[in-house]
Amino acid sequence: MVDYFREMSHGSLDLSGSAVFGWLPLGKRKSDYQGSGGNQKGRSDLIAWARAAAVANGIDLTPYFSVLVVTNWPSDLFGGADGAVCGGDSFPPSLLGQEMGHRYGLIHSRIEGSTQPYMDPWDVMSAANTYMAPHPYYTERDRRGSLLFTIGPGLNAANMWGRGWGDQSRVWAPEEDVYRYTVQLRPLHRHDLPGYLMALAGGYFVEFRVPEAWDAAIGQPVVLVHALQDGISYLQSGVSGSQGLTVGDAFRLGDPADKLGHLIEVEVTDIDLAGHVATIGVTVQRDRHPKAGPAVVLDGVSEDAGGWVIVGGKVKKVPPWSPLKQILQSVVSIEESNEAHSGATRDLIRREALQRISEQASGQLEQMRMFHSPSGPLNGR
């Protein structure tokens, strides 16, 4: 667990000063324990009994951040603000990672669109519904032949960030609100390798995971996207519906065809497992659709029902479906383009607005030719 939390925190946590005390008799019967079924009062009592037993045996616990109570019978498995408890055979790292994680404030992870816990198989805060592998060194088995020591998986990027554990010097996070970049990521927990370990794209956390070490059981290298809301991580689905993104998969919010609309897109373009590198394309743009109506609308409806505008100090009526309304909206877009942060974005907004004005003007000129040309429909009438 010392190794696990050092790597899951990018070196922020150092549990190497931990100590083991006991066995210590609690002076209680098994029937005195009332924490089964999630009774928080009963669970807190068990930790309090253990602390009291330590004090009674002259053990000073004040130098330590918290306690992990291990009972020699299958009492319970949980973690919280008071500490963590495991009993009997319930102490593999794959389970303790979650229970000790609760002591650090971590909450069960979920998937987008659901409030159910234990839904992210790539995150230890969903144990025991996760990818687990035998420990490479500790291979003890119980009487039924089951491995007592399983590991994995690691902690996801959103949970690491929420605890302040992600090395911020290794996070790709551009300051622009409109951008398109190609980014290379190293595996999230390989702090020993140079390069970016996670990326922030429009508020979403992007990470690369490979089937080795704590993630040995995940099967294949994948890119994952998470959101963090109220301290809870939510695993996102890609366009294909899968959560573990491979080459050709993408996570997308918005319509790429809408050049002015809100868009967040993460596309996996390459995964080099031997080189421990994933290459992703990241596109983020804010909603740049005009927010104002055409000029100043008075006593009217700005959409589909005409209205009035102030032009040169005079009030003019704009009939429903008038081409003037579309032209005025385009003029407003040009004026609002000054709010864009980048010259490329500003030029795009202006170019598309001018194109709409040109199309409206061309349409009006064509109608005038039809009705006033000697060969037009009114000729001879």
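Hi everyone. Before anything else, keep in mind that we're looking at a predicted model.

Let's start on the inside. Which residues touch the most other members of the largest nonpolar core? They are Phe-5, Leu-155 and Trp-165, in a core of 25 residues. If you want to know which elements supply two or more residues to this core, look for H1, helix H3 (93-103), helix H4 (157-162) and strand S9 (198-201). There's also another core that lies apart from it, with 23 residues, including Ala-199, Tyr-204, Val-206 and Phe-251.

Let's zoom in on Phe-5. Setting aside neighbours within four places in sequence, its contacts are Leu-13, Leu-15, Gly-97, Met-100, Gly-101 and Tyr-104.

Gly-97, Met-100 and Gly-101 are also among the buried residues of H3, so let's talk about that helix. Is H3 enclosed or open? Well, 10 of its 11 residues are buried, so the rest of the structure largely encloses it. The buried ones include Pro-93, Leu-95, Gln-98, Glu-99 and His-102. And what covers them? The cover includes H1, strand S1 (68-71), strand S2 (78-80), strand S3 (83-87) and S6.

You've met Val-206 already, as one of the residues of the 23-residue core.

As background, most peptide bonds are trans, and most residues other than glycine have a negative phi. Where are the cis bonds I want to show you? One joins Gly-152 and Pro-153, with omega at about -5°, and Pro-153 sits in the loop between strand S6 (150-151) and H4. Another joins Gly-22 and Trp-23, where omega is about 10°.

Stay with Trp-23 for a moment. You'll find it in the loop between helix H1 (2-8) and helix H2 (40-56). Is Trp-23 buried or exposed? It counts as exposed because its relative accessible area is 62%, and the cut-off for that word is over 50%. Together with Leu-68 and Val-70, Trp-23 makes a nonpolar surface patch of about 310 Å².

Tyr-118 isn't a glycine, yet its phi is positive, about 60°. It belongs to the loop between strand S4 (110-111) and strand S5 (133-134), and its relative accessible area of 32% makes it partly exposed. Asp-230 also has a positive phi without being glycine, near 55°. Its loop runs between strand S11 (222-229) and strand S12 (232-235), and Asp-230 is exposed, at 78% relative accessible area.

How values were computed: Residues are numbered from 1 along each chain as its sequence is written. This is a predicted model: local features need pLDDT of at least 70, side-chain atom pairs count only at pLDDT 80 or more; totals for chains, interfaces and linings use all residues. Side-chain values use heavy atoms; hydrogens and water are left out. Patches are made of residues with over 30% relative accessible area and no salt bridge: like charges are joined within 9 Å, nonpolar side chains (Val, Leu, Ile, Met, Phe, Trp, Tyr) within 5 Å. Accessible areas come from the Shrake-Rupley method with a 1.4 Å probe; for residues, only the protein chains shown count as cover. A salt bridge is a side-chain nitrogen of Lys or Arg within 4 Å of a carboxyl oxygen of Asp or Glu. Helices (H or I, at least four residues) and strands (E, at least two) are DSSP runs, numbered from the N terminus. Buried means under 20% relative accessible area, exposed over 50%, partly exposed in between (1.4 Å probe, protein chains only). A nonpolar core is a set of buried Ala, Val, Leu, Ile, Met, Phe, Trp, Tyr and Cys residues joined through side-chain atoms within 4.5 Å. Contact means heavy atoms within 4.5 Å.
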